[in-house]
Amino acid sequence: MRMNPTILFSLCLSTLLAQDTGTAHKAAATALLNSNNSGAARLACPATIGPVSTANSPAGPGRAGGPPAGGGTAKGGGRGPAAAPPKESWYAEGGQVFDNLYMLTTKMNSAWAVKTSQGIILIDTLFGYAAQDAIVDGLKKVGLDPADIKYIIVSHAHGDHDGAVKFLQDTYKPRIIMGPKDWELSAREADPPRHDIEASDGQKVTLGDTTVTIYITPGHTAGTLSVLVPVKDRGQPHLAMEWGGTALSGGTSKEMLESYIANAKRLKDISDGAGADVIIGNHTEYNDALNRLERTKARKAGEPHPWIVGKGEVQTYLTVVEECAKAWLAIGDGRP
Ligand SMILES: [Zn+2]
């Protein structure tokens with residue numbers, strides 16, 4: 001088919017303009033990068049600004065399994081012994097981060113144990129193969145009892161975060177909270193957890209003296225949950241923010257990108273109003289978390305806390321992922 005030169009010209013022009021807009025948004029994100037957010041940008045921003053091919057995109061919102069492309073871990077979510085990689089390839093030592101918050105981790109992913117006066121609220125569960133070493137033994141190493149897990153909040157139903165939900169549900173009988181759409185996603189897994197609590201936006205999960213607030217922030221998946229967690233440093237109250245789903249790709253739909261952008265903006269306002277001044281995440285690379293944990297362990301009296309970054313940095317973090325999503329949206333003509 002011969003194309004009218006005028007139409008061809010305007011098509012090329014609109015592609016170039018879209019790429020300019022994409023480049024501008026990525027540049028806006030890049031200008032804000034620092035150790036509090038650069039890993040998040042690596043997963044959220046397009047690597048290069050050019051025409052998007054959705055055909056061979058490695059990661060999309062419908063994936064039930066493994067980590068974002070480039071994560072370097074076994075495909076298929078890693079559930080079950082057959083998929084378990086050698087321990088030295090993934091094991092990392094967790095530890096205490098705040099008076100009431102503990103990082104249970106692998107090299108790639110982190111889960112969080114919130115200690116309350118009535119038990120533990122666990123945020124995410126890592127891959128199934130890490131459940132014994134990182135969650136069960138990880139809790140014992142910091143003096144906590146896995147039998148005290150009363151709630152598990154699942155940021156989203158991908159294997160690197162929900163892989164151990166079924167095991168922990170069967171073993172310790174906690175209540176499981178997931179976004180409604182991600183319950184649907186997890187129901188398609190090979191050995192899914194039993195359906196339990198469907199999260200609602202603004203839901204407050206109170207256990208003893210502690211209340212965690214959940215926000216439904218679709219974008220990475222349709223039921224991604226973000227949370228605000230009250231923490232204490234040597235008795236001083238602070239507030240931690242976790243953006244529950246980060247990675248985007250050429251396969252992320254326009255609708256999901258628009259939702260991601262709107263919810264990053266919304267969580268920015270909520271975090272600002274609530275005074276969030278700490279960033280936590282569920283992939284260690286987002287904010288250099290393994291290194292940050294080591295610095296926390298080595299911290300001496302009077303030294304600043306490595307995780308207390310201030311309200312401005314929480315805002316910046318969410319602006320970075322928002323600009324990354326805007327870059328994807330700009331270059332995504334023809335995406336589903
Ligand atoms: Zn994910």
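Biologist: Of the 31 residues in the largest nonpolar core, which touch the most other members?
Modeller: This is a predicted model, in which local features need pLDDT of at least 70, side-chain atom pairs count only at pLDDT 80 or more, and totals for chains, interfaces and linings use all residues. Residues are numbered from 1 along each chain as its sequence is written, and side-chain values use heavy atoms, with hydrogens and water left out. A nonpolar core is a set of buried Ala, Val, Leu, Ile, Met, Phe, Trp, Tyr and Cys residues joined through side-chain atoms within 4.5 Å, where buried means under 20% relative accessible area, exposed over 50% and partly exposed in between (1.4 Å probe, protein chains only). In the largest such core, the residues touching the most other members are M241, W243, Y317 and V321.

Biologist: Which element gives the largest share of this core?
Modeller: Helices (H or I, at least four residues) and strands (E, at least two) are DSSP runs numbered from the N terminus. Helix 2, strand 11, helix 8 and helix 10 each give two or more residues to this core. The largest share, eight residues, comes from helix 10.

Biologist: Which residues is W243 in contact with, leaving aside its neighbours within four places in sequence?
Modeller: Contact means heavy atoms within 4.5 Å. With those sequence neighbours set aside, W243 is in contact with T217, S226, Y260, N263, A264, L267, I280, Y317, L318 and V321.

Biologist: On to the metal! Which residues coordinate the zinc ion?
Modeller: Donors are N, O and S atoms within 2.8 Å of the metal (3.2 Å for Na, K and Ca), and water is not among the atoms, so the site may look incomplete. In sequence, the donor residues follow the spacing H-x1-H-x61-H. Through NE2, ND1 and NE2 in that order, at 2.1 Å, the coordinating residues are H156, H158 and H220.

Biologist: How many residues apart in sequence are the parts that H158 and H220 tie together?
Modeller: Both of these histidines are buried. H158 sits in the loop between strand 5 (149-153) and helix 5 (159-162), and H220 in the loop between strand 9 (210-216) and strand 10 (225-233), so the parts they tie together are separated in sequence by 62 residues.

Biologist: What span does helix 8 reach from its first C-alpha to its last?
Modeller: The expected span of a helix is 1.5 Å times one less than its number of residues. Helix 8 (254-274) has 21 residues, and its span is close to the expected value.

Biologist: Why do the buried residues of helix 9 lie on the same side of it?
Modeller: The buried residues of helix 9 (289-297) are A289, R292, L293 and T296. The arc is taken from the directions from the helix axis to the C-beta atoms. These four residues are on the same side of helix 9 because their arc around the axis is only 100°.

Biologist: How many salt bridges are there?
Modeller: A salt bridge is a side-chain nitrogen of Lys or Arg within 4 Å of a carboxyl oxygen of Asp or Glu. One network of them links K166, D170, D191 and R194. By this rule the count is 15.

Biologist: How many residues apart are E285 and R42?
Modeller: Their side chains form a salt bridge with an N to O distance of 3.1 Å. E285 belongs to the loop between strand 12 (278-280) and helix 9, and R42 to helix 2, which makes this a link between distant parts of the chain. E285 is partly exposed at 33% relative accessibility, while R42 is exposed at 56%. Their separation is 243 residues.

Biologist: What residue forms a salt bridge with R175?
Modeller: R175 is partly exposed, with a relative accessible area of 41%. The closest N and O atoms of the pair are 2.7 Å apart, and the partner of R175 is D196.

Biologist: Last one: is D124 buried or exposed?
Modeller: D124 has a positive phi of about 70° although it is not a glycine. Its place is in the loop between strand 4 (119-123) and helix 4. At 0% relative accessibility, D124 counts as buried.
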